[in-house]
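Please read each point beside the sequence and the structure shown here.

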Amino acid sequence: MLNCSTAAAAHCCNASLTHKLSPPSKPSLSHSLPSSLHVSAPLLPHQQLSPHHAYRIADIRNKHARKVPKIVSSKGEPLKVMISGAPASGKGTQCEMIVQKFGLVHISTGDILRAEVSAGTEIGNKAKEYMSSGRLVPDEIVTAMVTARLSLKDVKDRGWLLDGYPRSAVQAESLEKLNIRPDIYILLDVPDDILIDRCVGRRLDPLTGKIYHIKNFPPENEEIKARLVTRSDDTEEKAKARLQIYKQNVESLVSTYSDAMNKIDGKRPKDVVFKEIDSLLSTLQNDKEDESKSGKLAKTERQFDKSSLEKNNWRGIPTRLNNIPHSREIRKYFYEDVLLATQRAVRDGKTRLKVEISIPELNPEMDVYRIGTLMELIRILALSFADDGKRVKVCVQGSMGEGSLAGMPLQLAGSRKILEIMDWGDDGALGNFISIGSIGGKEVEEQDDMFILVAPQNAVGNCIIDDLRAMTDAAGHRPVIIVNPRLKDLPGSSGIMQTMGRDKRLEYAASFEICYSFRLLYYAGTQFPIMGALRMAYPYEYELYKRVDDESPKKEKYLILSKFAERPSGEEINDAFEGKTRDSKRSPGIWGLLSNLF
């Protein structure tokens, strides 16, 4: 019988914490496989990080170093920028500041339509027919105007800033067919109540055309104030209607521009908003300058090499996994393996994801469990998505229960403090793109793009499921990734298993889709030697490996035994190791028939 758990030794996290702390280690799988595969999970006390963990992740981040969030640039070309924002989001102001700083050609469909109509061009006359009758100008006419403007010499020389276009999936697809793509798509994100307040309080000076706001940007004197008027579309009802249409348009564009989209918090003062936009565009511009000098984008040199572990290039399971502490190369291998699988799942639109990995240093059942290895994995996941322009909230559950029953799993004690003081790099990732929080619905904020939850787990007498469910409900379509959860029911403080609502809790726990799974296999009741491994990396199948010793060079290796579309049972794993086919275990005759029926 094989036992699915991981290696032996001691909870080796004994060094004092420094302000530049490297990410800690992670708990193991809460879910035991059926039949002969057994996993036990005693909670271990949290200890401090060992000196072995006090290294930075330069060897991973030199390939995966901070790059401009969600910027995709092309060689030898000026900047190509799209910007989108709801009415009153401050988009016009930011466009002016971008043009002033970077010299891009500002292209607005409204301006183009008016110019073409005024010039009496063929396409302008067609557009005029629709506008005169109160109809919307068809997408093909607008797209033709935009592409004609993009083809002019000033745009090719200076680059372009497309303001509020495309507005629909059809328009975006038209640009895609013409191979017109932005280096970066800036999305100004402002809460609805602020947008409506900005619209309702907006006033127009009919003499100068200047826009004021009765609270945020009042007129300079009483004379100007007396002549201000409210535009006909700046009512609360019309503002809400325009906002709804805008949201629908943006949602239709997410799939097309997700790889270039950067969400900017637009409720801040305009100068603060522009400072963030300026940083993004300046870094992109510098990358392009480096490209022109070296023939290669600087950010490509810094970028995480995603191809090294893709399906066709995967280099196999590392050896010496029972050697503790793990080598830097082994940790880096698993960090990359988990990262790539998670990224693929998020890119495919998966929103409820689970990572299960129980190498010895990430398995709290083992006395070699290291909190440093878990935190290091969390940091790499968070930094990777932050590098893609996502605002990531890393969440650790707080104390559960009240009074004498208050507490939290010991293996998570102090983990939030570690996250807060560990080294997140020198480029302001923590605070700007990454925040630290707890698990619960109230932790979900509008500016958060995704959530990484550190080993959420039930404790004796307390259940994390309700807080977890509230958080995922509040997160909506935003990705929630739980890393090494332990969500099985535990006895209450009285020692009696809580049964009320148990089916619903287990159903919810199972609703998270596994995007990465790795566990070592041992004979039942042992932790040495390793007999094999079971691995799954989204979107591929479960792969079962057998560890064999190569006597000549005295090395070990892992040979694949079988593949499974779903997680195999313990019986299926044992059959594969014994060389049985998946049908050979069925008994012949009437007993075989009865066995199969029951």
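**Notes on the model**

1. The secondary structure of the protein comprises 20 helices and 17 strands; helices (H or I, at least four residues) and strands (E, at least two) are DSSP runs, numbered from the N terminus. This is a predicted model, in which local features need pLDDT of at least 70 and side-chain atom pairs count only at pLDDT 80 or more, while totals for chains, interfaces and linings use all residues. Residues are numbered from 1 along each chain as its sequence is written, and side-chain values use heavy atoms, with hydrogens and water left out.

2. Of the 598 residues of the protein, 50% count as buried. Buried means under 20% relative accessible area, exposed over 50%, and partly exposed in between (1.4 Å probe, protein chains only). Among contacts (heavy atoms within 4.5 Å) with a separation of 6 or more, 75% come from residues 24 or more positions apart.

3. An open sheet is formed by 5 strands in the order β3-β4-β2-β5-β8, with parallel pairing; two strands pair if DSSP finds at least two bridges between them. Because β3 (105-108) and β8 (261-265) stand at the edges with a single partner strand each, one side of each is left without a neighbour in the sheet. Neighbouring strands of this sheet are turned by 25 degrees against each other on average, direction ignored. Angles run from 0 to 180 degrees between N-to-C directions, and axes are lines fitted to C-alpha atoms, for helices over the stretch in contact.

4. Strand β5 (residues 184-189) is joined to β8 by 5 bridges, and the two run parallel. D189 has D265 in β8 as its bridge partner. Helix α10 (residues 236-257) packs on the sheet, where it touches β2, β5 and β8, and its direction makes about 150 degrees with that of β5.

5. Of the 20 residues of α13, 16 are buried. G349, which follows α13, has a positive phi, near 85 degrees.

6. Helix α17 (residues 465-475) and helix α18 (residues 502-509) pack with their axes 11 Å apart, at an angle of about 50 degrees. That makes α17 oblique to α18; angles under 35 degrees count as roughly parallel, over 145 as roughly antiparallel, 65 to 115 as roughly perpendicular and the rest as oblique. On the α17 side the residues that meet α18 are I465, L468, R469 and T472, and their counterparts in α18 are K504, R505, Y508 and A509.

7. Strand β15 (residues 532-537) pairs with β14 in the antiparallel sense over 6 bridges, and 4 bridges join β15 to strand β16 (residues 542-550), also antiparallel. L520 has A533 in β15 as its bridge partner, whereas L534 is partnered by L544 in β16. β15 and β16 form a hairpin with 4 residues between them. G532, L534 and M536 point one way from β15, A533, R535 and A537 point the other way, and all are buried.

8. S517 lies in strand β14 (residues 513-523) and counts as buried because its relative accessibility is 1%. Leaving aside residues up to four places away in sequence, S517 touches E356, L534, R535, M536, Y542 and R567.
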